Amino acid sequence: MTADQQRRVRDLFEQAVDRDAADAAAWVRAAAADDPAVRDEVLALLSHHSRAGEFLSHPIVDRMPSLLDDEPYAAGASIGTYTIEREVGRGGMGRVYRARDDRLGRTVALKVLAPALVGNPAQRERLRREARAAAALTHPGICIVYALEEIDGELAIASEFVDGVTLRDEIATRLDRASAALPTARELAAALASAHARGIIHRDLKPENVMRTVDGRLKILDFGLARIAQPGDAELRAAALTRTGVLLGTPAYMAPEQLRHEQVDARADVFAFGVLMYEYACGEHPLRAARPNAIGGPLGDVIARCMREVPAERYANAAEIVDALDRAAPTPVSAGWFHTHQIVVIGLYLAAAILAWQIKERRETPVTLALFLALGAVAAVGGVLRGHLAFTARLNRPRLAAERRRTTPATRLVDWLAGAMLFVDGALIAPVRALPAVFAFALAVGIVLAALVLEPATTAAAFGEER
Amino acid sequence: MSADDPQLDAQALAPLVYHELRRLAGAYMRRERPGQTLQATALVHEAYLRLADAGTPWHDQRHFIGIAARSMRQILVERARARGAQKRWAALDRVTLTDALAVAAHEDAMLPALDEAMQRLETVDAELARIVDLRFFAGLSIEETADAMALSPATVKRRWALARAWLHRELGGAA
């Protein structure tokens, strides 16, 4: 059919469409009597018109609002070698799923990036670079990036699945934040410092991006990824920032120079750290807070310096924050007493086991034998736990608070058991020999008193008022 | 803005067209689905980045709206495709299909087939295809479409009817 014929079809259709059906057909037959091809085409189209019903009559997005969402993978769906378990979050960067890596059988967090972010090759390349840099971070306080996957034209980042709550949740719910603020700041700054030492900047540090795992440690998520979430055009970026803050980052935590789209360095993270810790300690964002610096104390001073408007007045990087916090709370010296305490109690356990052996040698009965074996076992368990605490106090100070919380029920039980068994052992040997009995009673009292009196003191010295 | 001002290159137009795209997305949002504003904005971003990347030389806002609606079509079709639309579409027999078209069921399954038909329609009558992009994919009303295409609402209404009839046949609906 020629272009002229097409135009004639259109004109005839438009003139016929408002007539009623039978009338229209007769009219078309008359009007296009000279060209059967045109006539048949118009009649066919009129027939389709009368039968089209609701066809295309409502915008597709009204019919299928889910098309506005980008790629909601359902549970059980496969993306490459990953099987989706459930969606755990979404943001401007895309959706995050809890998924299973079928190759290794491990659970991962799979962040499927929004198509808008990975549409052009330059952005994909930038994402690859950032993921590579983030994958180099192996600090326990930073969520590990496993892989950058390209599946059917989509980009997804597979990383460690962190089970826990975000600091945003803690700000909303946790009651004893004031006492937890200092150790939280210390742990967060230490993790951030390890990235800064490698020249990697987070760029979007905020309470939503920091999680506390179920066993109490902090993990920073999404390192360096904020950078790729910014389209190249400055004006568009500015528009996006003011209109849809969620989409391209979080202005509420951004340093002034970052908001102005200037070159940023570790000091932008230092600023965000300050805002985050302020909010954590007070429960309120500093811009909304009633008083300019409601925290006070050494932590308040550190936070205030982090939030200086001029970058040069802030700490140069997170390592300097760590130093400042350590000066503010002189933990290393006090943790030394905690460390010594653990070593001494290990010595007491050892003495208890040896004493029980000697008592069994002097008076061998099923009970003394059983007590020797039990004390040996209890001393071994207690020794391992306290040895672990001693090493943590020396080598991994930020983890100490969490490890102590974890082991305290066990060490307490060990102490009471050891004390009780030594007492029974002493009572059994007393009729035979006085000296071992005296040793046993003394050791029993010593272990129990160390647990009741000394340990709270050395713990308080190591952690301040925090329990 | 004049339709043939050579001074306005794509970059200078970017903020304007971004605004225009948002107006397009606004057509979705006016239907008041709470919670979807962000998604609609993300869709606009996606469309914008595609346009910027393709370096499509648009010369005025009206022209731009046409291309933007077309790129929205591509995005929506791809999303439907990713969800296995073709498989579900192929599973419909002819009778079911005619009924489905008439009651607009399985519309997302239809999208890839519709997109192919649209590509044929573009070669036959590009104007009709643009009307479909604006009405069906970008969600503009008759009046908004008329405004964007510099046609009268009555003309848009009649050509929209023609486009629907044409596509109905292409998709295999019984006459």
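Helices here are DSSP runs of H or I with at least four residues, and strands are E runs of at least two, both numbered from the N terminus. With that numbering, A:Leu56 falls in the loop between helix 3 (36-51) and helix 4 (60-63) of chain A. The model is predicted.

**Chain A overall**

Chain A carries 16 helices and 9 strands. Its length is 467 residues, and 43% of them count as buried. Among contacts in chain A with a separation of 6 or more, 62% join residues 24 or more positions apart.

**Two loop residues with positive phi**

A:Leu56 is not a glycine, yet its phi is positive, near 65°. A:Arg203 is also no glycine and has a positive phi of about 80°. A:Arg203 sits in the loop between helix 7 (177-197) and strand 8 (210-213) of chain A.

**A hairpin in chain A**

Strand 3 (residues 94-101) and strand 4 (residues 106-113) of chain A run antiparallel and pair over 8 bridges. They form a hairpin with 4 residues between the strands. In the turn, A:Gly105 has a positive phi of about 70°. Across the pairing, A:Val96 stands opposite A:Lys111 of strand 4. In a regular strand, side chains alternate between the two faces of the sheet.

**A helix pair in chain B**

Two packed helices are described by the angle and the distance between their axes. In chain B, the axes of helix 7 (residues 126-137) and helix 8 (residues 142-149) come within 10 Å. They cross at roughly 135°. Helix 7 and helix 8 of chain B are therefore oblique to each other. Their crossing is right-handed.

Which residues make the contact? Helix 7 of chain B supplies B:Arg130, B:Ile131, B:Leu134 and B:Arg135. Helix 8 of chain B supplies B:Thr145, B:Ala148 and B:Met149. By class, this contact has 4 nonpolar, 1 polar and 2 charged residues.

Conventions
Residues numbered from 1 in each chain as written. Chains lettered and ligands numbered in written order. Axes fitted to C-alpha atoms, helices over the stretch in contact; angles between N-to-C directions. Parallel < 35°, antiparallel > 145°, perpendicular 65-115°, else oblique. Left-handed = near helix turned anticlockwise from the far one by under 90°. Contact = placed C-beta atoms within 7 Å. Nonpolar A, V, L, I, M, F, W, Y, C, P; charged D, E, K, R; others polar. Buried ≥ 20, exposed ≤ 12 C-beta atoms within 10 Å, placed from the backbone. Pairing = 2+ DSSP bridges.
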